[in-house]
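Please keep the sequence and the three-dimensional view at hand while reading.

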Amino acid sequence: MSTPYGTPGPGYGTPGGPAVFDPTTLPADDNVTPYTFCVELKGSQWFLQKGKMIAYYGSMEFNGIGHGRLDRLVRTSFHSPLHASDWVVAEGSGKMLLADRAFDVNSYDLEDGNLTIRSGNLLAFQPSLALKQSIVPGFLTLIGTGKFVAASNGPVVFMEPPIRVDPQALAGWADCPSPCHHYDHGYMTGVMGGLRALTGLGGASGEEHQFEFVGAGTVLLQSTETLMAEQATGAVPPDAGVPGSGAAHTGPSQVAGGQRLPGQLGDLQRRFGL
Amino acid sequence: MGGRRPGGPERASKGAVRGDVHLWELLAAGACGYLRCVAMFRLQGSKVLAVDMTGDAVKAKNGSMVAYDGQMAFKKMSGGGEGLRGMVTRRLTGEQMTVMEVKGHGTCWFADRAAEINLVNLQGDKLYVESSNLLATDAGLRTGTSFTGLRGASQGNGLFTTTVEGHGQAAIVSDGPAVVLRVSPQYPLTVDPGAYVAHQGNLRQSFQSGVTFRTLMGEGGGEAFQIRFEGDGLVYVQPSERNTIAGEV
């Protein structure tokens, strides 16, 4: 059943028909439907990913971040200069609708906190938050106080560490639990494990590798294992010891050796001397 | 087709979401005797359209029927049933529509690639929609083609669009549930061309281009093309921009 959001107003549209919105009935900084988010601007500014605005009432201006006038803003709340071209600043007054490829969108409030999110999921944020590249390649970190909007493939679930999660279902984490890789060694080692790895016989359950989170905080999961297309986060300086700086930028699910085919458990030859 | 014509306000009920599958039987037995009967559109879930018919007809996108109950006849209508002139216009404008006429007694269910369906009530006003986004219309509604100018070009779906006019219901599809936005003289609306699905009412549209030298330098705002709607009416926008699955829609 489709749920009508908000109340239908008079005029066009009939009772019993779909809800009709105008600037007075659109929510301020809240969801219109699970897939559409409304942002109210009152002379304020928001950072948006390019092309996520679907409609607006009022007068607004969208400027690329390279815009000279916005230099100060970028310096204080935007710290990944190398992918600045994917972002725009919306300013003006009115109400603006955001959506992303019909994915679920949600807003999150941070209060003097931090949250790390997969780069493809972030849609928009208030300039009171600072956006930085995460050390984990493919992720972005938001620090400070304010609101941001993120998309996910299916609704988001919040979990408390300690927890192990599927790499594809991970959307992000807040308040710094420690993320690390976890392998199901019981399954991967031994004669049978080696045989499975070498021959592909017996197969893999696809769940031998997880991300493990320990420590205080919250882990955000999306309810499918279909990843959202990744947004480039920009390169990192080619210094020694900087993750992701050596080879070409690989995805977030990177284990030593890069992407692996299903049925292949790992570089077992190298790992266990086979 | 189209001899009998619709009830405006005197219709038994509007095509709202209703659980009763056998409503058509009641209608056939009672209401239809003195009220003129019109196909009843209702949504079953958000991706399936159910139409209750009592001997009347609807026009629907070719091949969009997923199930039916009762007696139905499906007839392909060349040129969207607009006669020779309509057929030639559609061929010339590229705004082609393969339509079938479904007629009978019972319930017929329609769906299109799991896209979300939105019901539109027309009371004498005109709906502008891209032919690929139009799923079904009451057979009594007139369809035609109209020139859209730069808006169509910016959406990447041609310079012409389909119009639906009259009294009755139509169903349009969108990628994700559409949001219906009202435009009134004091609240004009600006829409991204990729998210625009349809509009109805008395609206003027103007095409805004924010292309500056910055755009050429790759530092544009990313929202260089916009359509501004002014006047009085409704605009349907989808929560997705036409470039992913909707690229060919």
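L181(B) has V235(B) as its bridge partner in β12(B). The structure is a predicted model, in which local features need pLDDT of at least 70 and side-chain atom pairs count only at pLDDT 80 or more, while totals for chains, interfaces and linings use all residues. Residues are numbered from 1 along each chain as its sequence is written, chains are lettered from A and ligands numbered from 1 in the order in which they are written, and side-chain values use heavy atoms, with hydrogens and water left out.

**Strand pairing in chain B**

- The bridge between L181(B) and V235(B) belongs to a pairing of strand β9 (residues 179-183) with strand β12 (residues 225-237) of chain B, which run antiparallel and are joined by five bridges.
- Strands here are DSSP runs of E with at least two residues, helices are DSSP runs of H or I with at least four, and both are numbered from the N terminus.
- Two strands are said to pair if DSSP finds at least two bridges between them.
- β12(B) also pairs in the antiparallel sense with strand β10 (residues 189-191) of chain B, over three bridges.
- Within β12(B), I227(B) is the bridge partner of V191(B).

- E116(B) belongs to strand β5 (residues 116-129) of chain B.
- With a relative accessibility of 11%, E116(B) counts as buried; buried means under 20% relative accessible area, exposed means over 50%, and partly exposed lies in between (1.4 Å probe, protein chains only).
- E116(B) and G176(B) are 60 residues apart along the chain, yet their C-alpha atoms are separated by 5.5 Å.
- Beyond neighbours within four places in sequence, E116(B) is in contact (heavy atoms within 4.5 Å) with residues including K47(B), I172(B) and P177(B).
- The side chains of E116(B) and S46(B) are joined by a polar contact of 2.9 Å.
- A polar contact is a pair of N or O atoms within 3.5 Å; within protein, one must be able to donate a hydrogen and the other to accept it, and residues adjacent in sequence count only if both atoms are side-chain atoms.

**Chain A as a whole**

- Chain A contains four helices and 15 strands.
- Of the 274 residues in chain A, 47% are buried.
- When contacts in chain A between residues at least 6 apart in sequence are considered, 76% join residues at least 24 apart.
- The accessible surface of chain A is about 12400 Å², and 56% of this belongs to carbon and sulfur atoms; such areas come from the Shrake-Rupley method with a 1.4 Å probe, and for residues only the protein chains shown count as cover.

**The surroundings of T116(A)**

- T116(A) is part of strand β6 (residues 104-118) of chain A and is buried, with a relative accessible area of 6%.
- Leaving out residues up to four places away in sequence, T116(A) touches several residues, among them S134(A), F139(A) and W173(A).
- A polar contact of 3.2 Å links the side chain of T116(A) to that of T141(A).

**Aromatic pairs**

- Over all chains, the structure holds nine aromatic pairs.
- One of them is formed by W87(A) and F125(A), which are edge-to-face, with 5.4 Å centre to centre and 65° between the planes.
- This pair links distant parts of the chain, 38 residues apart: W87(A) is in strand β5 (residues 87-98) and F125(A) in strand β7 (residues 122-125) of chain A.
- W87(A) is buried at 1% relative accessible area, and F125(A) is buried at 0%.
- The rings of Y108(A) and F148(A) have centres 5.2 Å apart and planes at 20°, so this pair is stacked.
- Rings of Phe, Tyr and Trp (its six-membered ring) pair if their centres lie within 6.5 Å; planes under 30 degrees apart count as stacked, over 60 as edge-to-face and the rest as tilted.
- F47(A), W87(A) and F125(A) are linked by ring pairs into a cluster.

**Backbone features in chain A**

- Most residues other than glycine have a negative phi, and most peptide bonds are trans.
- The peptide bond from P161(A) to P162(A) is cis, with omega near 0°.
- D29(A), which is not a glycine, has a positive phi of about 50°, and D29(A) lies in the loop between β1 (20-21) and β2 (30-33) of chain A.
- R101(A) has a positive phi near 45° and is placed in the loop between β5 and β6 of chain A.
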